[in-house]
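Dear colleague,

I am handing over the structure we spoke about, and below it you will find my notes on what turned up in it. Please read them alongside the coordinates.

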Amino acid sequence: MLPEEVPQALRALQPYMTEVCEVMLCDWQENPNSGAWVKFKLPDETHLQIYRGKYRTGRTKGFGQRYQMILIEINDDETPMQAEPEAKPRKLSQIAGGLCHDAKFRAWCEVQYGEPCPDEAAAAQLIREVCGIESRAHLDVNEEAAKVFRELLADYDAAKDESSREA
């Protein structure tokens, strides 16, 4: 869809819309334990009204109210941005950051490397030491470190596969 076609498409969808407002991306996370989630900041508290009293995941019966979302990234001048033709692959530094949040990965590290790995900071330090780098960002530019990190990922994936077969 071309940017100039967006207003007409939105008018056609208007009867089905629950809420229309500009939001700001605050945070997102992807991990095997909690799944993928995105956090947005609403313009003000009046936009919370439609959510009040609705089921939220983890707070009531383990499921939340379902919605269909349509997000359109906008420029500073309020015009729709063109979508990128292809999704860019995740950087190794992003994957490493996500792994550090994963309690199962940290437990595997303790067994694999024989050192305590109680929190995200310890996991980040372990990855830096194993890969021989000062920052996880170096995984995106240092081929040797990237190779070591991919081997670490492969070992962790193999351990996960093995434990799922045993269960």
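Where is the place of aspartate 102? In this model, which is a predicted one, aspartate 102 sits in the loop that lies between α2 (92-101) and α3 (103-113). Aspartate 102 is buried and yet has no salt bridge, since the nearest side chain of opposite charge, that of lysine 160, is 5.7 Å away. A polar atom of the aspartate 102 side chain does, however, lie 2.9 Å from the backbone nitrogen of lysine 104.

As for the overall layout, the protein has five helices and two strands, and its elements follow the order α-β-β-α-α-α-α when read from the N terminus. The protein has 167 residues, of which 19% count as buried.

Two patches on the surface may also be of interest to you. Glu22, Asp76, Asp77 and Glu78 form a negative surface patch; of these, aspartate 77 is located in the loop between β2 (35-41) and α2, and it counts as exposed because its relative accessible area is 53%, where the cut-off for exposed is over 50%.

The other patch is nonpolar and consists of Leu10, Leu13, Tyr16, Ile70, Ile72 and Ile74, which together have about 550 Å² of accessible area. Tyrosine 16, one of its members, is found in the loop between α1 (6-13) and β1 (24-31), and with a relative accessible area of 68% tyrosine 16 is likewise exposed.

Note on methods: Residues are numbered from 1 along each chain as its sequence is written. This is a predicted model: local features need pLDDT of at least 70, side-chain atom pairs count only at pLDDT 80 or more; totals for chains, interfaces and linings use all residues. Side-chain values use heavy atoms; hydrogens and water are left out. Helices (H or I, at least four residues) and strands (E, at least two) are DSSP runs, numbered from the N terminus. Buried means under 20% relative accessible area, exposed over 50%, partly exposed in between (1.4 Å probe, protein chains only). Lys and Arg count as positive and Asp and Glu as negative; His and the chain ends are not counted. A salt bridge is a side-chain nitrogen of Lys or Arg within 4 Å of a carboxyl oxygen of Asp or Glu. A polar contact is a pair of N or O atoms within 3.5 Å; within protein, one must be able to donate a hydrogen and the other to accept it, and residues adjacent in sequence count only if both atoms are side-chain atoms. Patches are made of residues with over 30% relative accessible area and no salt bridge: like charges are joined within 9 Å, nonpolar side chains (Val, Leu, Ile, Met, Phe, Trp, Tyr) within 5 Å. Accessible areas come from the Shrake-Rupley method with a 1.4 Å probe; for residues, only the protein chains shown count as cover. The place of a charge is taken as NZ of Lys, CZ of Arg, CG of Asp or CD of Glu.
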